[in-house]
Amino acid sequence: MNNHVTVLEIDGNAILHNLNYFKQKLRPETKILAVVKAFGYGSDGVKVASLLQDKVDYFAVAYAHEGIALREANIKTPILVLHPQIQNFDQIVKYKLEPSIYNFKTLTAFLMYADNQLLLNYPIHLKFNTGLNRLGLYHSDIPLILNNIVASKHVRIESILSHLAASEDESEREFTMGQLNNFAAIVKQIYLHLDYEPMIHTLNTSGVINYPEAQFDMVRIGIGLYGFGNDEKETSHLKNSHVLKSIISQIHTIEPGETVGYNRAFAAKKSTKTATIPIGHADGISRKLGNGNGYITINNQKAPIVGNVCMDMIMVDISTIDCKEGDAVYIFKTQEDILHMADKSDTISYEILTAISQRVKKLLKC
Ligand SMILES: *Cc1c(COP(=O)(O)O)cnc(C)c1O
């Protein structure tokens with residue numbers, strides 16, 4: 001039982017609002033895949049999936065064990081595993097997870113497995129590399145791929161997918177259009193050789209925003225569900241789902257000449273009141289936020305972090321804030337808080353969210 005006082009509240013209404021925002025951007029028949037990998041972007045994948053299971057068509061996770069957690073929570077929705085490993089095929093099939101096949105080795109291994117297990121029409125997804133150069137089969141592999149698959153009654157191509165490298169970046173529009181054209185050519189060639197038409201999908205959140213004409217049969221939305229678009233305007237239409245709260249453990253008065261925290265990084269020039277908060281770099285608060293770079297919010301006022309971020313604690317300056325030991329604080333509450341934290345940690349919103357560690361208790365609020 002996790003009774004940790006530092007809690008991530010997952011705002012279920014915000015997630016539903018964001019889902020509806022993207023739905024109204026899309027054609028009514030376009031399917032939605034909700035990406036709940038990495039514990040639902042640092043929240044709780046099972047809780048998010050439970051909330052969305054009747055409202056989306058698919059879930060995606062990165063690894064098989066993430067999909068198993070959803071099945072064990074009785075989620076029945078189809079689940080795409082983006083990065084399956086050959087040694088997990090047993091579990092993938094046992095839990096009815098659907099592998100995204102990204103190379104020849106995985107394809108032949110899965111076909112062999114399906115053959116051995118006498119699976120019938122097991123849904124697989126073919127992932128093509130169109131320029132991200134991360135995971136994916138190649139256009140030139142198509143004849144060989146189809147030779148293997150078409151002859152097999154053990155598997156069925158449920159979908160064909162690719163992933164954009166720079167969908168958020170307008171200055172890369174030409175490159176992205178090249179990826180989309182390449183993908184269209186791949187799909188066309190595969191359709192020519194099949195007597196059925198697998199679903200096709202390639203857009204992530206910023207793809208939906210910038211290239212809605214390429215929505216095809218389904219889109220894969222991750223960060224957008226949690227409140228972030230690819231610019232200020234889009235983000236303003238969304239609601240933040242991750243609210244990180246804690247309490248004040250102790251208050252100190254630091255006299256001039258005294259110091260706070262490891263390496264004595266903060267030295268008081270004047271009498272300073274500090275509050276110690278039970279969250280640290282082991283919970284996902286970057287050390288880059290120390291020494292005044294980051295803030296938390298107490299009583300609607302910003303309290304800058306003083307000194308270095310410790311593993312389990314931070315100290316913040318509350319000299320001008322009316323508060324007492326035991327009071328609630330927000331590590332972040334708004335998109336602005338998270339974007340500020342990302343900026344000061346030299347990263348992006350995704351990493352701030354996914355860095356929230358497993359030690360932090362997660363609560364879904366609806
Ligand atoms: C993580 C991921 C997504 C979701 O991307 P967002 O930018 O968070 O919407 C979509 N597709 C693939 C293949 C991914 O790995």
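1. Thr30 counts as buried because its relative accessibility is 8% (buried means under 20% relative accessible area, exposed over 50%, and partly exposed in between, with a 1.4 Å probe and protein chains only). Thr30 belongs to the loop between H1 and strand S2 (31–35); helices (H or I, at least four residues) and strands (E, at least two) are DSSP runs numbered from the N terminus.

2. The model is predicted: local features need pLDDT of at least 70, side-chain atom pairs count only at pLDDT 80 or more, and totals for chains, interfaces and linings use all residues. Residues are numbered from 1 along each chain as its sequence is written, and side-chain values use heavy atoms, with hydrogens and water left out.

3. Leaving aside residues up to four places away in sequence, Thr30 touches Gln215, Phe216, Asp217, Met218 and Val219 (contact means heavy atoms within 4.5 Å). With Gln215 there is a polar contact between the two side chains, at 2.6 Å. A polar contact is a pair of N or O atoms within 3.5 Å; within protein, one must be able to donate a hydrogen and the other to accept it, and residues adjacent in sequence count only if both atoms are side-chain atoms.

4. Phe216, one of the residues touched by Thr30, is in the loop between helix H9 (205–210) and strand S9 (218–221). Its phi is near 45°, a positive value in a residue other than glycine. Most residues other than glycine have a negative phi. Phe216 counts as partly exposed, since its relative accessibility is 24%.

5. Arg264 also has a positive phi, of about 50°, although it is not a glycine. The loop that holds Arg264 runs between strand S12 (259–260) and strand S13 (266–267). With a relative accessible area of 55%, Arg264 is exposed.

6. The domain assignment gives domain 1 (12–236) and domain 2 (242–365); such bounds come from an automatic or database assignment. Taken over C-alpha atoms, the domain centres are 37 Å apart. In domain 1, 16 residues are in contact with 13 residues of domain 2.

7. How much area is buried between domain 1 and domain 2? The value is about 1,400 Å², with carbon and sulfur atoms giving 65%; buried area is the accessible area (1.4 Å probe) that two parts lose on being put together, summed over both. Tyr41, Lys47 and Phe228 supply 38% of the area that domain 1 buries against domain 2, more than any other three residues.
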